[in-house]
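The exercises below go from the overall fold to single contacts. Work each one on the structure before reading its solution.

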Amino acid sequence: KTSHSSSMHRRVRHETWKAMEALYDSGRVRAIGVSNFTASHLKQLLADGVRIVPMVNQIEAHPFCVPEETIEYCVKHGIV
């Protein structure tokens, strides 16, 4: 099993995001986002030169699980 922090996963996340940007540009979708991306994943995605910043990052957050670094990063970059 390959770690989610591997270069292969990073490449696949980038390729998938480029396909989502194409859907957005074509007008087939009104918003694009990610799910369960950590701040590290988001930083890598933006560093890899995406044109559109994710509009949403669906994450698990409740009193027993508060991913503060991810939430702060999303707020800073306008990701809901």
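Helices (H or I, at least four residues) and strands (E, at least two) are taken here as DSSP runs, numbered from the N terminus. The model is a predicted one.

**Exercise 1. Overall fold**

Solution. 
- Step 1: the protein has three helices and two strands.
- Step 2: the C-alpha trace spans about 40 × 30 × 20 Å along the principal axes.
- Step 3: of the 80 residues, 26% are buried, where buried means under 20% relative accessible area.
- Step 4: taking contacts between residues at least 6 apart in sequence, 51% join residues at least 24 apart.

**Exercise 2. Helix H1**

Compare the reach of H1 with its expected value, then find how its buried residues are arranged around the axis.

Solution. 
- Step 1: H1 covers residues 7–26, which is 20 residues.
- Step 2: from first C-alpha to last it reaches 29 Å, close to the 28 Å expected at 1.5 Å a residue.
- Step 3: the buried residues of H1 are Arg13, His14, Trp17 and Glu21.
- Step 4: viewed down the axis of H1, these buried residues fall within an arc of 95 degrees, so they line one face of the helix.
- Step 5: their packing partners are strand S1 (33–35) and helix H2 (39–47).
- Step 6: after H1 comes Gly27, with a positive phi near 85 degrees.

**Exercise 3. His14**

Which residues does His14 contact, leaving aside its neighbours within four places in sequence?

Solution. 
- Step 1: His14 lies in helix H1.
- Step 2: with those neighbours set aside, the contacts of His14 are Leu45, Asp48, Gly49 and Val50.
- Step 3: Leu45 is 31 residues from His14 along the chain, yet their C-alpha atoms are separated by 6.2 Å.

**Exercise 4. H2 against H3**

Describe how H2 and H3 pack, by axis geometry and by residue class.

Solution. 
- Step 1: two packed helices are described by the angle between their axes and the distance between the axes.
- Step 2: the axes of H2 and H3 (residues 68–76) come within 8 Å and cross at roughly 35 degrees.
- Step 3: H2 contributes Ala39, Leu42, Lys43 and Leu46 to the contact, and H3 contributes Glu69, Thr70, Tyr73 and Cys74.
- Step 4: sorted by class, the contact has five nonpolar, one polar and two charged residues.

Key: Residues numbered from 1 in each chain as written. Predicted model: local features only at pLDDT ≥ 70, side-chain atom pairs only at ≥ 80, totals over all residues. Heavy atoms only, no water. Expected span 1.5 Å × (residues − 1). Buried < 20%, exposed > 50% of the residue type's maximum accessible area, 1.4 Å probe, protein only. Arc of directions from axis to C-beta. Contact = heavy atoms within 4.5 Å. Axes fitted to C-alpha atoms, helices over the stretch in contact; angles between N-to-C directions. Nonpolar A, V, L, I, M, F, W, Y, C, P; charged D, E, K, R; others polar.
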